[in-house]
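Q: I have a structure to look at and I'm new to it. Can you walk me through some of it?

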Amino acid sequence: MSSDTLAKSAAAPDIPELAGSPRIVPQRRLGQWTAAVAVLVLLGLAVTSVARNKAFQWDVVGDYFTSDSVLRGLWLTLWLTAVVMVLGFVLGALLAAARLSANPVLRGVSWGYVWLFRSIPILVQLLLWFNIGALYPQLLGVKTVNLFTPIAVAIIGLTLHEAAYAAEVVRGGILSVDRGQVEAAQALGLSRWRRWWRIVLPQAMRSIVPPAGNMLIGTLKGTSIVSVIAVQDLLFSVQLVYHRTYQVIPLLMVATIWYTVVTSVLSVGQYYVEKHYARGSERTR
């Protein structure tokens, strides 16, 4: 065999003839397509049923959707959510710092707080604070009933409840940061404040933001429970209307649609905040 033939054999290894190779057949996914069609059909039937069911009284829903009483209740719901989240995370951050402290007393108090307020249902907490006057008729020389108004009870009860969960969210985020990052910053001579602000917090936010966003949406929906103590939030506002008009279903649909709209907007905001703090990580999409 000549040298030219050997060179051609080395450069072009034997390749099986295409005519003799097996034909590649795409995998059939009949079950998946059947399930998808069935789900779409059921979804279409459900939407059609809701749209054509006269009991929903969509004309009444449209009349009350932007009424003054409903919008005032919506504003109070949004305001209460914002106040509770800010105060809850401030208190939660302090509790997380105490839990991570070297002081055993602070660790014990923080653990006890989280254990207690996560154990008691939020409705029970609100009712206890609402009836605190039965235990302490006066505080600081003022009648308790004048201090603990329904709005004050709602803020106190929801804040103390949210702080217990926020403490665990913040603590988990801080613990997710590699200890070597802090040690490296310390070796570079960065102050304690700069280490936390420039090194720990930006990395911890990747773990804090997702559960914090879920807590925000949960708090928004959870504020509806304050209607039991006569706080005129969104749910209580529609209840006042349907107690007068007996149009229960359409007024509940008004509240349902508003909650859906607001939570959808918050979900979009949560997505972009998560995307911002995920920059530079492997999971960024």
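This is a predicted model: local features need pLDDT of at least 70, side-chain atom pairs count only at pLDDT 80 or more; totals for chains, interfaces and linings use all residues.

Q: Which residues of helix 11 are buried?
A: Leu234, Leu235, Phe236, Ser237, Val238, Gln239, Val241 and Tyr242. Buried means under 20% relative accessible area, exposed over 50%, and partly exposed in between (1.4 Å probe, protein chains only). Helices are DSSP runs (H or I, at least four residues), numbered from the N terminus.

Q: And what do they pack against?
A: The buried residues of helix 11 pack against helix 3 (58-65), helix 4 (68-99) and helix 12 (248-277).

Q: What comes after helix 11?
A: Tyr246, with a positive phi near 65°.

Q: Moving on, where is Thr223?
A: Thr223 sits in the loop between helix 10 (192-222) and helix 11.

Q: Buried or exposed?
A: Thr223 is buried, its relative accessible area being 0%.

Q: What is Thr223 in contact with?
A: Apart from neighbours within four places in sequence, Thr223 is in contact with Thr77, Leu80, Thr81, Leu158 and Asp233. Contact means heavy atoms within 4.5 Å.

Q: Now Val37: where does that one lie?
A: Val37 is part of helix 2 (residues 30-52). Val37 is partly exposed, at a relative accessible area of 48%.

Note on methods
Residues are numbered from 1 along each chain as its sequence is written. Side-chain values use heavy atoms; hydrogens and water are left out. Helices (H or I, at least four residues) and strands (E, at least two) are DSSP runs, numbered from the N terminus.
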